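Please read the following note with the model open beside it.

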Amino acid sequence: MKEIFDPGKLVRANIKAMKPYSSARDEFHGSAGVFLDANENPYGRLNRYPDPYQWKLKEQISKLKGVPVENIFLGNGSDEIIDLSFRIFCNPGNDKALTFSPTYGMYEVSAEANDIKIIKIPLNDQFQIRFNDIKPYLSDTSIKLIFICSPNNPTGNCIKRDVIERIINDFAGIVVIDEAYNDFSDEPSFRNQISEFPNLIVMQTFSKAFGMASVRVGMAFANKEIVRYYNKLKPPYNISSINQAAVSKNIENGDRYKTQVERIKSERKRINEELLKIPAVLKVFPSDSNFLLVRVNDPDTLYNMLVERSIIVRNRNSIVNGCLRITIGSKRENTKLLNALKKINL
Ligand SMILES: *Cc1c(COP(=O)(O)O)cnc(C)c1O
């Protein structure tokens with residue numbers, strides 16, 4: 001058993017000591033009144049600064065996700081949350097973060113931008129974590145963050161739950177589980193375990209299952225100490241009022257996103273089966289997400305031939321040998337893809 005974990009101990013000294021910007025809305029937050037405190041223009045409809053803590057939206061997300069408001073942080077996309085995590089916990093030039101390759105590219109980009117070294121541990125041939133490979137790293141105190149993407153991008157599969165739990169238990173730093181694709185999976189989210197694991201941050205997003213990639217709203221669920229540091233460091237008005245309202249309205253639509261998710265999942269099954277009939281396709285990897293990783297003959301040529309037919313998939317050959325990543329589109333789009341593939345001889 002671990003002693004009581006204090007995430008504050010992992011926070012960079014300068015972040016701990018810094019005085020956050022105090023916005024006009026931090027100093028006074030009531031709704032009625034004459035507001036002459038933020039140098040806003042009194043005219044127009046979008047003239048006021050947005051709620052810096054997005055309370056209304058967080059209340060809705062709290063109900064939707066079953067997580068208390070004080071354990072929720074919203075970022076300008078998950079990408080902002082990834083970047084803030086590096087800035088809160090990792091000292092540039094000294095600290096490290098650990099990822100499992102192949103995975104989402106933003107962890108490394110954000111690490112490099114913050115001058116943090118990335119340790120990449122390869123997943124096994126079933127794209128799972130071998131616990132023994134990472135065991136020696138769990139006691140390395142220069143490693144501050146471990147990113148686990150589950151379902152993983154670009155491989156599509158979930159990482160086994162017991163391995164994730166062992167990592168969270170045995171690691172003295174912060175574990176970030178990126179669940180961007182969780183709604184497409186039958187595997188339950190880790191977000192309800194944040195009270196059990198004080199060193200756990202669970203990220204989700206409105207960009208995928210909710211169909212709101214253009215509004216840039218990502219969620220982090222974590223203990224309130226960590227949420228406090230995110231709030232301390234973020235730009236004061238990081239989510240525009242237009243974007244808060246758009247997500248809010250989407251949540252009010254209730255189960256509509258679930259219908260879309262079901263449609264995408266049934267298309268995923270259909271495309272999977274149809275792809276296996278195509279001679280150039282060697283393997284379709286099992287997917288818990290809204291895309292399929294597909295191993296094909298001559299991926300670079302196939303990719304280019306699809307582009308010539310105005311069908312754009314993601315060529316992942318450079319990171320997963322022989323593979324293309326195909327997003328599940330609408331039924332019409334998917335059928336176009338299949339028809340094109342049937343005509344290509346490779
Ligand atoms: C798409 C995706 C996201 C979403 O990022 P946003 O900035 O919220 O749009 C996060 N993580 C992974 C692994 C993704 O593939």
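1. Basis of the note. The model is predicted, so local features need pLDDT of at least 70 and side-chain atom pairs count only at pLDDT 80 or more, while totals for chains, interfaces and linings use all residues. Residues are numbered from 1 along each chain as its sequence is written, and side-chain values use heavy atoms, with hydrogens and water left out.

2. The shell of the ligand. There are 13 residues around the ligand, and those that come nearest are Asp 178, Tyr 181, Ser 207, Lys 208 and Arg 216. A residue is counted as near if one of its heavy atoms lies within 4 Å of the molecule. The shell consists of 4 nonpolar, 5 polar and 4 charged residues. In this grouping Ala, Val, Leu, Ile, Met, Phe, Trp, Tyr, Cys and Pro are nonpolar, Asp, Glu, Lys and Arg are charged, and the others, Gly among them, are polar.

3. Oxygen atoms of the ligand. Which part of Ser 78 lies 2.7 Å from an oxygen atom of the ligand? In Ser 78 this is a backbone N or O atom. The side chain of Asn 153 has an N or O atom 2.8 Å from a ligand oxygen, and a polar side-chain atom of Ser 207 lies 2.6 Å from an oxygen atom of the ligand. The protein covers 94% of the 390 Å² of accessible area that the ligand has on its own; such areas come from the Shrake-Rupley method with a 1.4 Å probe.

4. Cysteines. The count of disulfides (pairs of cysteine sulfur atoms within 2.5 Å) is 0. For Cys 149, the nearest cysteine sulfur belongs to Cys 158 and is 9.8 Å away. Cys 149 counts as buried because its relative accessibility is 6%; the term means under 20% relative accessible area, with a 1.4 Å probe and protein chains only. For Cys 323, the nearest cysteine sulfur is that of Cys 149, 16 Å away. Cys 323 is also buried, at 0% relative accessible area.

5. Strands here are DSSP runs of E with at least two residues, and helices are runs of H or I with at least four, numbered from the N terminus. An open, antiparallel sheet has 4 strands in the order β8-β9-β11-β10. Strands β8 (281-284) and β10 (314-315) stand at its edges with a single partner strand each, so one side of each has no neighbour in the sheet. Strand β9 (residues 291-296) is joined to β8 by 3 bridges, and two strands pair if DSSP finds at least two bridges between them. Val 294 in β9 is the bridge partner of Val 284.

6. Strand β7. Are the faces of β7 (residues 218-221) buried or exposed? Gly 218 and Ala 220 on one side, and Met 219 and Phe 221 on the other, are all buried. Strand β1 (residues 72-75) runs antiparallel to β7 and is joined to β7 by 4 bridges, with Gly 75 partnered by Gly 218. Strand β6 (residues 200-205) is likewise antiparallel to β7, with 4 bridges, and Gln 204 stands opposite Met 219.

7. Helix α8. In α8 (residues 224-233), 7 of the 10 residues are buried, including Ile 226, Tyr 230 and Leu 233. Asn 223 caps the N-terminal end of α8, where a side-chain oxygen lies 2.8 Å from the backbone nitrogen of Glu 225.

Note on methods. A polar contact is a pair of N or O atoms within 3.5 Å; within protein, one must be able to donate a hydrogen and the other to accept it, and residues adjacent in sequence count only if both atoms are side-chain atoms. Buried means under 20% relative accessible area, exposed over 50%, partly exposed in between (1.4 Å probe, protein chains only).
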